[in-house]
Amino acid sequence: MDYVKLINCMRCGMCLPSCPTYKETFLETASPRGRVALIRKVQEGELDQSERLLEYLSLCLDCQACASACPCGVNAGELVTEFTCERKGGEGLSFMEDLVLRRLVPHPDRLEASLVPMRLYQRTGLQKLVRKLGVMKLFPESLERMEGLLPNLPARPLRQTIAEVTPARGEERGTVTFFLGCVMSLIFSEASRATVRLLSELGYRVVTPRNQVCCGAPNMLSGDLDGLKEAVRSNVAVFGGIEADFIVTDCGGCGAELKHYGHHLEGDPEAAAFSAKVRDISQVLALHQEELRAKLKPLPLTVTYHDPCHIAHCQGIRREPRDLLRLIPRLEYRELEAADACCGSAGTYNIAKPEMADRILTRKIDTIRATGVELLATGNPGCLLQLKKGLAEQLPQVGIVHVTELLARSLDGTP
Amino acid sequence: MEQSFIKELQTIVGDQYTLTDRESLAVYGYDSTPELESRPGVVLLPGSLSEVARILALCHGAGISVTPRGSGTNLSGGSLSGGGVVVQTSRMNRIVEVDEENLTATVEPGVITSALHREVEGRGLFYPPDPGSMNISTMGGNVAENSGGLRGLKYGVTADYVTGLTTVLADGELLHTGGKTVKDVAGYSLNPLLVSSEGTLGFFTSITVKLIPKPRAKITMLAHFPELNQAALAVSAIIAAKVIPATLEFLDKVTIKCVEDYSHVGLPLDVDAVLLIEVDGHPAVVAEEAASVEEICKRHRCSFFQTAKDADEALKLATARRTALSALARLKPTTILEDATVPRSCIAPMLQVIQETARKYNLTIGTFGHAGDGNLHPTCLTDERDKDEIARAHAAFDEIFDAAIAMGGTITGEHGVGLAKKRYLPRLVGESGIKVMRGIKQAFDPKGILNPGKVF
């Protein structure tokens, strides 16, 4: 780890009010400044990599709100991840990690197949029965939580059903390749279908390569750098072979990771070129606001927007999604207080640290309640899962939707 | 620290809020002051006045030191403790009352400054002190350090707003001073004494501040000056014209270059100084004052002058000033931010001293700050691993502080003395000053358990 990155922190404390876990605990060990100090003290030999120290670091959501707030350009979230990765590098993967990260995630067919039992579980009515009988109480709490987060799955993953080439409607203005995130494809396929449709409506030919693989974010999160690099190489090869203006994704988490490919394979010009082409869907749609406005029909709804960390903090995109929502006629947009505060999803954080994730989620739901809206829009599947659960439990009158799905409804004029 | 003593503290605040592990103590060993670190014996996060009183009574009996801490953004090492008890106020964070009839607000010490701003501004009221760290600094810390900010020129500093305090004394007894009255001449004025006492006289558990009506209008202006001296003269001329801007901020050439390299806001690199000026108040008065400011800047040969048309544009004009510290801080790993302050008529000679000293010691010092009230922030960009450069930086600041004192200024305008400026204080206040301060300390804290080793 680069020592200068650690001493760049001047301990001004500007990160503290942006950090979700500091706001909950007021503990320096749960703050970005404290995490950087802990890592620095390990590097300097003053502290050991004790269980307790690792436990403190593991409370970091890696939401990177601290990076947005830091005057010196220190990214505490990234430093914690890097530190964890380096530690992992020496240890190797556990049996489960090896199974999931190496044998499942990089192979879309296997990943999709692994969800078949889940789909059956829902479709046969078993889920209803399980929930009614409270059977999940017999299983470990983390499994119960996972079950609770699972929304209704589409009949088939989008990757299997979407055309590899979707032609432009009307005059073709260019070609984009579509990076289909695993969770978007497996769970939020309607939103991704809407994404492709919007691009096509705006005159883009959309190519969705079927042999693309997971972006590698799960590997990164688990400290599996070799697995990450494998994913990067595969995707750079697949997308590098297709002429396109942009590589578009509607998953905030994937977008943030894809934009880092150049960094992951440092010195590889193709990886850098790949990253330079990556755009969040909101960035591409926002280029054509007038055309889009002309196609949208009124939706008389009150809506607010939650900034996913991976879109606002990691990619610096805040304005475009709001501009897009405001294009919809008769839609009343209301700003959310602390809209860019993490919802507590943060990859698998809500399963690993359920108690903290719930506190952060409740704070988010309270701000949504205060707006009095009917609908919450956002742009990342992790947030969709977490907030869907939170709203269902605490604020059931408010619905949740991906920005592209709402825009597609406005194309049809059906709220 | 003895285990049995820690056990007793635990019974007061609870296990969860008693931190004793190596890792926690390590990260409570610093605040925002560069180069300073120590290791407390235990960190406590009490939730109420009565818990604070019990902690102090217990520590007083045992002769163990207590250091109050808010969010740890102190810039003079004031919240560090070697081996003692650190008491963090964050959990005591209720805005107890906003009294719209008496125009006061009463808060607990852990309330974040900007949270108070939001609360009172929502009611058309105004609490002006706005230290740079206001989004995380606590009101308790602001009172202990007598924090200033950008609006100090027109609206004064924290001391000008504190009207009442509840303070837990060293032995755990309570002291109530002042209240909500505008006038109060009963006995010695203890509030101003407690404000800026840096945690050495008592622990504030309740703070009452006065509020003023929120100014109805504000105009933001930006001016570039090819000559530093003209910018300084323009500052004096604005004040002499009886215009007191809410903000009158300055950036020097080094800072301008850093800001432009970092945020590309379109600052020309051939100018010597940039002034950001904001006037606020009644709309008619504001318009008149803005016209005067424009006329004065143009008379002092500014090469560019812009008045913001709306809030968005105002924000844009303020960008250079807002990003000054970030832009400087990114250049090198270590940033030493000082707050030497001079009578505002001495801004130009003071800037000259800073520039000459930087040259003499071969250092990069960018200066920005509150030109209108003479409070400058010469900021030395260095690397803590370069021991030789750090030594030169200290030698340079030594000379800068001496120059400030010679001009009738002070060694610290708003950061406090703490540990970092302790050795300069006698030069400023002399033997008699230190003697009086020691006498006051003795009267409040004869056993010397409150934040020992700070100030003098």
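Let's start in chain A, where Val278(A) sits in strand β5, spanning residues 278-280; helices (H or I, at least four residues) and strands (E, at least two) are DSSP runs numbered from the N terminus. This is a predicted model, in which local features need pLDDT of at least 70 and side-chain atom pairs count only at pLDDT 80 or more, while totals for chains, interfaces and linings use all residues. Residues are numbered from 1 along each chain as its sequence is written, and chains are lettered from A and ligands numbered from 1 in the order in which they are written.

Is Val278(A) buried or exposed? Val278(A) counts as buried because 25 C-beta neighbours lie inside 10 Å (buried means 20 or more other C-beta atoms within 10 Å, exposed 12 or fewer, partly exposed in between, with C-beta atoms placed from the backbone). Leaving out residues up to four places away in sequence, Val278(A) touches Ile247(A), Thr249(A), Gly255(A), Leu258(A) and Lys259(A); contact means C-beta atoms, placed from the backbone, within 7 Å. Phe246(A) is 32 residues away along the chain, yet its C-alpha atom is 5.9 Å from that of Val278(A).

## Domains of chain B

Over in chain B, there are three stretches to know: domain 1 (3-88), domain 2 (95-213) and domain 3 (216-322), with bounds from an automatic or database domain assignment. The C-alpha centres of domain 1 and domain 2 of chain B are 23 Å apart. Their contact takes 15 residues from domain 1 of chain B and 18 residues from domain 2 of chain B.

On the domain 1 side of that contact in chain B, α3 (49-62) and β3 (66-69) each supply at least two residues. The largest share, seven residues, comes from α3(B).

Notes
Two residues are in contact if their C-beta atoms, placed from the backbone, lie within 7 Å.
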